[in-house]
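Here's a quick tour of a protein model for you to follow along with. Keep the sequence and the 3D view open while you read.

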Amino acid sequence: MKKILPYLSVVLLLMTFTGFAQQKYITKNGEINFEASVPSFEEVKAKNSTVSAILNADTGEFASLALIQGFRFKVALMEEHFNENYMESSQYPKAIVKGTLEGFSMDGLSESTTEYSFKGTITVHGESQPLETIVTMAMIDGNVEMNSSFILKPEDFNIKIPSIVSNKIADEVTVTAIYTLSEK
Amino acid sequence: MKKKSVFMIVTLVLVVGAYSGYRYLYKDHRNIAEEDAVFTGTAQQIQERFAQGEGDGLLNQTVIVSGTVSQVEEGSVTLDEKVQSVFAQMPSVSEGAQVTVKGRCIGYDDLFEVVKLDQSQLTTQ
C-alpha cells in the first residue's frame, strides 16, 4: 500500500495536467461591427476592433467579450449618446457571448469554410438573451477564422430609444463578428 | 430702414444658430493625446485596480501606463500581460522593451484579465 501511494499520486497528477492541456484558440483583437442605419438618415454604424474571444478546440465552447466603450462611431456625438443614453456603458461596460459550436471538431476545419451552428447566450446592457446563429469557420495559416452575422433588437435588451430619434435608428441591428484566433 | 435691420438681426441669429447647431452635432472626437491623464502608473497598478472592482472611475478616461512589452500584435501591444494598448498608428516596438503609453481606458476584460486602452500612443512622460 505504501508503495502504491506515490505512484497513484503521480498518475492522478498527470491526469489533472492532461485535463488542463486543452487546446485553446484566442484573440484580443476580434472585430465587431454593427449597423442600425435607416435609409436617407445619418448612418448609425460602429466598429469595435478590441474584442476578446476564446475557443476551446476540444469541446467547441466559445466565449467572447466586447467592451462597449470600444465601439467607435464616425460622429462623436453619436458615440457619446450610444454610451451615455442607450448602452449606459458606465453601468454595463461589457457585452458577452457564451455558448457552444454544435458538432465542432478541429479536424473538420480546412482552408475552405465550414458552417457550424452556434447556440448560447448574449448579454448586453445587463440583459441576457438566447443567441442562435450560423458561424463560418476556416483554418488559415494555423489560425482559426470565425465569422458570423446576426440580428439583435434593442428592445430585447431593455435599451430604450427615445421616440424623437426612433425613426432614425433601425429596430433591427445587424451585428457582424470577425475573429482570427491563434493557438494559445 | 427699421425693417432692414430687423431682417439683418434675424439672419444673423439664424446663421449663428445653424453654425453652432452644426458644431454641436458634428463636433470633433476627443483628442486623447492632448488631454491630461487622470491616472499615471504601472500596468500592474491599473490592472489591480480593475481586478478589485475599483476601476469604474477610469472608464473613458485618459491614462498613462508604463510597463514591459509582453506581446506585440497587429495594432496593439500588451504590457506585462496586464494592459492591452491599441494604437491608431502602430509604433515599432519589440517584446521586452520598457515603454510608457498614453491612451483612453475602455474597460476591463475578464476573459484575459487585462485592462484595455484605445487611441494609444507612446509617450515619454
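**Around R49(B)**
- You'll find R49(B) in helix α2 of chain B, which covers residues 43–51.
- Skip the neighbours within four places in sequence, and R49(B) is in contact with F39(B), E54(B), G55(B) and L58(B).
- Now look for K82(B): R49(B) and K82(B) are 33 residues apart in sequence, and their C-alpha atoms are 11 Å apart in space.

**Around D118(B)**
- D118(B) sits in strand β6 of chain B, residues 114–122.
- D118(B) counts as buried because its relative accessible area is 5%, and the cut-off for buried is under 20%.
- The side chains of D118(B) and Q119(B) are joined by a polar contact of 3.3 Å.

**Where the two chains meet**
- Chain A brings 29 residues to the contact, and chain B brings 27 residues.
- About 2,300 Å² is buried between chain A and chain B, with carbon and sulfur atoms giving 57% of that area.
- Three residues stand out on the chain A side: K28(A), Q69(A) and L77(A) supply 28% of the area that chain A buries against chain B, more than any other three residues.
- There are two salt bridges between chain A and chain B.
- In a salt bridge, the side chains of E80(A) and K27(B) meet at 2.5 Å, N to O.
- Polar contacts between chain A and chain B come to 18 residue pairs, with both residues at pLDDT 80 or more.
- On the side of chain A that touches chain B, at least two residues come from each of β1 (24–35), β2 (45–56), β3 (61–67), β4 (72–73) and α2 (76–86) of chain A.
- Sorted by class, that side of chain A has 12 nonpolar, 10 polar and seven charged residues.

**How confident is the prediction?**
- Chain A has a mean pLDDT of 89, and 89% of its residues reach 70 or more.
- Among the elements of chain A, β3(A) has the highest mean pLDDT (96), while helix α1 (residues 4–20) of chain A has the lowest (59).

How values were computed: Residues are numbered from 1 along each chain as its sequence is written. Chains are lettered from A and ligands numbered from 1 in the order in which they are written. Side-chain values use heavy atoms; hydrogens and water are left out. Contact means heavy atoms within 4.5 Å. Buried area is the accessible area (1.4 Å probe) that two parts lose on being put together, summed over both. A salt bridge is a side-chain nitrogen of Lys or Arg within 4 Å of a carboxyl oxygen of Asp or Glu. A polar contact is a pair of N or O atoms within 3.5 Å; within protein, one must be able to donate a hydrogen and the other to accept it, and residues adjacent in sequence count only if both atoms are side-chain atoms. Helices (H or I, at least four residues) and strands (E, at least two) are DSSP runs, numbered from the N terminus. Ala, Val, Leu, Ile, Met, Phe, Trp, Tyr, Cys and Pro count as nonpolar, Asp, Glu, Lys and Arg as charged, and the others, Gly among them, as polar. pLDDT is the predictor's confidence in each residue, from 0 to 100. Buried means under 20% relative accessible area, exposed over 50%, partly exposed in between (1.4 Å probe, protein chains only).
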